Amino acid sequence: MVHTPAHGTLLFRRLAAASLLVFLSPAADASGQSAREILDRVDQLLRGRSSRGHVEMEITTEHWSRTLAMDVWSLGTDHSLVRVTAPAREEGMATLKAGREVWNYLPRVDRTIKVPPSLMMGSWMGSHFTNDDLVKESRVIDDYEFEIPFEGIRDGEEVWEFLLTPKPEAPVVWGHVEEQVRKRDLMPTWVRYFDEDGTLVRTLRFSDFRVMGGRLVPATMTVIPADKPAESTVLRYHELAFDIDVDEGFFSLRNLRGGRE
Amino acid sequence: MSDDPVWRRIAWRNLGRHRGRTLITASALAFGYLAAVLMVGLMDGMNAELIENGTGLMVGQVQVHAADYLPERNMHRTIGGYEGIDLAGFLRRLESDPDIVAAAPRLYGGGLVSSGDQTLGGVLFGVDVRREGEVTTLLSTLREGRAPRAGAFEVAMGSEMARQLDVKVGDQVVLVAAAADGSMGNDLFTLAGVFSTGTPALDASHVLVPLPDLQYLLAMDPGRVHEVALTTTRPWDTPVIAASVERSLSAFGPPLRVRPWTELRPELAESVELMGSMNWVIIVIVFAMAIFGVANTMIIGTFERRKEFAVVRALGTTPLGVGKTVVYEGIFLGVLALAAGAVVTGPVLVWWHNRPPDLSGIVGGFAWSGSMWRPILRVEYSWDTPIVAAVALFVTSVLAAVYPAWKATRVPPADALAD
């Protein structure tokens, strides 16, 4: 939809996974560790089989700014549920992702709406994320070739900087992607997305690294569109728990409606 | 030169000597005139059809926007900025311009239209239903139901969209749209009418929402609109009128842009211009064909009179005098043909203009430059075409006489008489 609320946790995981899958590249092998080892380790760090969280999303645009609070649940890569808890006007609005399908629930009119594929590139909840950001599964290793154009110290921190170039047939909208990862704890610090002309389109920053749900995670993510540097969307995790007790039945249309029949 | 009346009289008599031939030649020219005027009229009719369908349906002849609204169509760039305007006062002010016939405010939103399991993306087109009818024909394309009423949360949508959503008049649809305050506007609306414009893009994507209801959905004040479409008294003069309206609004406050349809639909304006240049091609081809026919007749006519020319030359006529006779013949022939052509063409034009043959049963319409063309052979009147064609006819008949005239001046009296 124009603003499909999608899953914060899923988004988080997708981005995190994107940053980690790069370790599969031969260049990462050069660092002395097997790519798969690194991947497994970080996957364990940042991904649970399932998760539950409470997220605040602060959107700043040229014309308005607002903050949404939402509860998010996820299971694997296929299932997620987001329910808005504030502000009051949008309380109860919810989005369900099940496989490739995305549904929204609108409490005001008590209707569920399936988001058509044509609107997957639309803005998510008026933010600087697209629906596609949230729904697309982590296919980074299938879609990109990897290089490490920089390995060394930036701002006193040992980092890798990766260059991700889409494979010719990959269904990717970006011309190339750059990403920085700290060696110390394998935390991503930023990702830059470029279009086919090599122009920066948006920057994603990770910050506020702390332990939540027993894992070290970047608790804050900020998206800045390159053409409007004054605008941003900031996603902050207030609560995060991993490997919670949910099954696929939880991600149902009934639950999307908040249990209302 | 004092001999001219004599040459003219001789020329006129010569035409009368072979009445049948003169009649046929003049008929050919007259028919050429009819063909040229009619074909150009048909082209003009096709142009008018393209312009009317391309602008009359939705665009309107002139549009007023905030200076920074196009081309991004950012929903926040309303006329008068964030504050909006005193809409009623603004419309009154526009309509007080003697060149402006009517003004219709519009608001655009992008959103989802949903019913049951079906959801589509659509353009939410907010209009003042009464005023819109004075500026465009969109509302006259309602095939089922009626126009939506303001304040009742009713909408009309295109037939293709209704088909895809599987809804009929009276059903409820959900509209969801990103509102101006960043929230997600959503409400239930009743489908009051279904329109079918024949333009697939419109019928599949547009939802007509009464202006106040769309403003509510998008969390915008009643004074906020993106566009005011205008109908003018002189559609062909829209660039001039647009410029004068823009000047008159320069003291309004936030900068506004006023654009004529030629700027809003440049591809359509270019098509129209291209067709205009085709008119010249038609005229040239028709009369180029005529010129050989006429010249042929006149060459035969002069050849037959070789002996005659020789006699008048022998009696002391100058070669110029002989030439003049032939040229005058061409001129008289042209005048005759023109008179006949005008007498025939006038009624045919009027009849065709009023009763254009409708070929809808034989061929379908097609879209060209984003405008729908119905297979109706309209003929439009114009002032310049009959005059241009008349001049062309006249020039043709004179030019066709020049070569025979030159040949006539070269007739050697002694040789010709000796034959």
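H10(B) and H13(B) are roughly parallel to each other (angle under 35 degrees; over 145 counts as roughly antiparallel, 65 to 115 as roughly perpendicular and the rest as oblique). Their axes cross at roughly 30° and come within 8 Å. Here, axes are lines fitted to C-alpha atoms, for helices over the stretch in contact, and angles run from 0 to 180 degrees between N-to-C directions. H13(B) spans residues 384–409. Helices (H or I, at least four residues) and strands (E, at least two) are DSSP runs, numbered from the N terminus. Ala, Val, Leu, Ile, Met, Phe, Trp, Tyr, Cys and Pro count as nonpolar, Asp, Glu, Lys and Arg as charged, and the others, Gly among them, as polar.

The model is predicted; local features need pLDDT of at least 70 and side-chain atom pairs pLDDT 80 or more, while totals for chains, interfaces and linings use all residues. Residues are numbered from 1 along each chain as its sequence is written, and chains are lettered from A and ligands numbered from 1 in the order in which they are written.

Helix H10(B), residues 266–304, also meets H2(B), residues 19–56. These axes come within 10 Å and cross at roughly 175°. H2(B) is therefore roughly antiparallel to H10(B). The contact comprises 20 nonpolar, eight polar and one charged residues.

H1(B) (residues 4–17) and H12(B) (residues 319–354) cross at roughly 55°, with axes within 8 Å. The two helices are therefore oblique to each other. Their crossing is right-handed. Contributors from H1(B) include Trp7(B) and Trp12(B), and those from H12(B) include Tyr328(B) and Phe332(B). By class, eight residues are nonpolar, three polar and three charged.

The largest nonpolar core holds 115 residues. Such a core is a set of buried Ala, Val, Leu, Ile, Met, Phe, Trp, Tyr and Cys residues joined through C-beta atoms within 7 Å. Buried means that 20 or more other C-beta atoms, placed from the backbone, lie within 10 Å of the residue's own. Val155(B), Met157(B) and Val207(B) are among the members that touch the most others. A second, separate core of 45 residues includes Leu34(B) and Phe332(B).

Between the chains, 22 residues of chain A are in contact with 20 of chain B (C-beta atoms, placed from the backbone, within 7 Å). On the chain A side, strand S6 (residues 111–114) supplies the largest share, three residues. That side divides into 11 nonpolar, five polar and six charged residues.

Terms used
Two residues are in contact if their C-beta atoms, placed from the backbone, lie within 7 Å. A crossing is left-handed if the near helix is turned anticlockwise from the far one by less than a right angle, and right-handed if clockwise. A residue is buried if 20 or more other C-beta atoms lie within 10 Å of its own, exposed if 12 or fewer, and partly exposed in between; C-beta atoms are placed from the backbone.
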